[in-house]
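Please read the following briefing alongside the sequence and the coordinates.

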Amino acid sequence: MGTLQPSSTAANGRGEAEASEEPITQKELDAGALFVLKSKGSWVHCGYHLTTSIVAPALLSLPYAFTALGWAAGIMSLVVGALVTFYSYNLISMVLEHHAQMGRRHIRFRDMAHDILGPKWGMYYVGPIQFMVCYGAVVACTLLGGQCLKTIYLLSNPNGPMKLYEFVIIFGCLMLILAQIPSFHSLRHINLISLVLSLAYSACATAGSIYIGSSSKGPKKDYSINGNTESRIFGVFNAIAIIATTFGNGIIPEIQATLAPPVKGKMFKGLCVCYAVVTVTFFSVAISGYWAFGNQAEGLILSNFMDNGEPLVPKWFIFMTNMFTILQLSAVGVVYCQPTNEVLERTFGDPTSGEFSARNVIPRLIARSLSVIAAITIAAMLPFFGDINSLIGAFGFIPLDFVLPAIFFNLTFKPSRRRLTFWLNGTIATVFSVLGVVAAVAAVRQISLDAKNYRLFANV
């Protein structure tokens, strides 16, 4: 699927503005835009940022989503998720380019909503749900990083006294250091390493699944869908929410803001890099994991590599896979810190002072540290945050990445009702709005079922 071209009626009279596309001048920028979202990157850097924000360890939950969907619906959901998000992210990019050509450059998701939908939509809907999604991702990364550290610890010391919250704090210290990196663009080299790491742990998860599935160590393969009719129905929508969250991004405008002008075509190239990695990793992990473990696939496929505390693959292999995952989680976490960092910088920073002046460094250090410490505390207190994150995905990622892009495009370019684009976008927005509501209900139901097992600082 390629990038759609806007209708001639929308583009005519504006194309000549393309050549004059300029970044917002320094005087017009607040500290958040000037220091966090500086526009210096290439399309290759954009590809690194996109890959880190999408190809994250959440993909290791895809075999679990298949347990509620089965083979046909599972693979179809993956294909639809990939096609729709690739299409939607291109729509956002085109809308951003169009407004930049018209002299209204948007560098934040809430700026787009403010200009296209109205001030209240940006302030009271898009802004809050983006913050909720991104900060929720930071908490989830911190929790998962702690769980991976605990797995490594138990491999070497099965009866060790350390608790999960201690490992969450240890991982959080790494996040605390990385969060001080000043700008999104500064993460480009880290995100290149993150791309390699995502390929590495996905290859390990795939190889481990094939090894166990081909040996006598693995469970008997059963692909039937468990539960009564009610459980199966809600399980389907919960699985859809998991897949939508896995493909979710929520920060496309912020990533495009890191591109040096002119930006035309660069986002499409970056998305091609990203979705090449998505295709390799998502499908290999989902298919191999479900093939090997069937309806016994765990919420994180790496958990299936252990059986009652005994490794089904060599210990060094589990150690290596978890280390790859931990390192990439730190990069994912710091990418999703950027919208929060931008707000903090805009609130406490001074754009008239130097980026590394004491006036800006001290407030930056304090504010970012407090933000990460709060995320560490939530992750340590709520080790069942995965259930909450499903709800956040239904309320956040589905609207931001599936619904709003289609609406933004139709409102900006106003394609004729005779055009396929108009009806395709309307269908995507309608279908995924309904799916988002039902998935949210399914997530709330799952939280109510699991609530009896919730304990603060639980050692799970």
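K414 counts as exposed because its relative accessibility is 60%, where exposed means over 50% relative accessible area, buried under 20% and partly exposed in between, with a 1.4 Å probe and protein chains only. The model is a predicted one, in which local features need pLDDT of at least 70 and side-chain atom pairs count only at pLDDT 80 or more, while totals for chains, interfaces and linings use all residues. Residues are numbered from 1 along each chain as its sequence is written, and side-chain values use heavy atoms, with hydrogens and water left out.

**Loops and backbone geometry**

- K414 is found in the loop between α15 (385–413) and α16 (420–450), where helices (H or I, at least four residues) and strands (E, at least two) are DSSP runs numbered from the N terminus.
- The phi of K414 is near 45 degrees, which is a positive value in a residue other than glycine.
- P261 and P262 are joined by a cis peptide bond with an omega of about -5 degrees, and P262 lies in the loop between α10 (252–257) and α11.
- S186, in the loop between α7 (164–178) and α8 (188–214), is partly exposed, with a relative accessible area of 28%.
- Although S186 and K40 are 146 residues apart along the chain, their C-alpha atoms are separated by 9.6 Å.
- G309 has its place in the loop between β1 (306–307) and β2 (310–311), and with a relative accessible area of 52% this glycine is exposed.
- Between G309 and F66, which are 243 residues apart along the chain, the C-alpha separation is 25 Å.

**Helix α5**

- The buried residues of helix α5 (residues 109–116) are F109, R110, M112, A113 and I116.
- These residues lie on the same side of α5, because they cover an arc of only 155 degrees around the axis, the arc being that of the directions from the helix axis to the C-beta atoms.
- F109, which lies in helix α5, counts as buried at 0% relative accessibility.
- From F109 to F237 there are 128 residues in sequence and 27 Å in space, C-alpha to C-alpha.

**Packing of α4 against α11**

- Two packed helices are described by the angle between their axes and the distance between the axes.
- The axes of helix α4 (residues 62–101) and helix α11 (residues 266–293) come within 11 Å and cross at roughly 180 degrees, where axes are lines fitted to C-alpha atoms, for helices over the stretch in contact, and angles run from 0 to 180 degrees between N-to-C directions.
- That crossing angle makes α4 roughly antiparallel to α11, since angles over 145 degrees count as roughly antiparallel, under 35 as roughly parallel, 65 to 115 as roughly perpendicular and the rest as oblique.
- The residues of the contact of α4 with α11 divide into 22 nonpolar, 6 polar and no charged, where Ala, Val, Leu, Ile, Met, Phe, Trp, Tyr, Cys and Pro count as nonpolar, Asp, Glu, Lys and Arg as charged, and the others, Gly among them, as polar.

**Cavities**

- The count comes to 2 cavities of 30 Å³ or more, a cavity being a set of points, on a 1 Å grid over the protein atoms alone, where a 1.4 Å probe fits but cannot get out.
- The second largest cavity has a volume of about 40 Å³, a volume being the space filled by probe spheres set on the points, with grid points joined across faces, edges and corners.
- The lining of the second largest cavity, made of residues that have an atom within 4 Å of a point, consists of L344, E345, F348, G349, N360, P363, R364, A367 and R368.
- Two or more residues of this lining come from each of α13 (338–348) and α14 (358–381), and α14 gives the most, with 5 residues.
- By class, the lining of the second largest cavity divides into 4 nonpolar, 2 polar and 3 charged residues.
- R364 lies in helix α14 and counts as buried at 7% relative accessibility.
- The C-alpha atoms of R364 and G349 are separated by 7.3 Å, with the two residues 15 apart along the chain.

Note on methods
1 Å grid on protein atoms, 1.4 Å probe; cavity = no way out; pocket = protein on both sides within 12 Å on 5 of 7 lines; lining within 4 Å.
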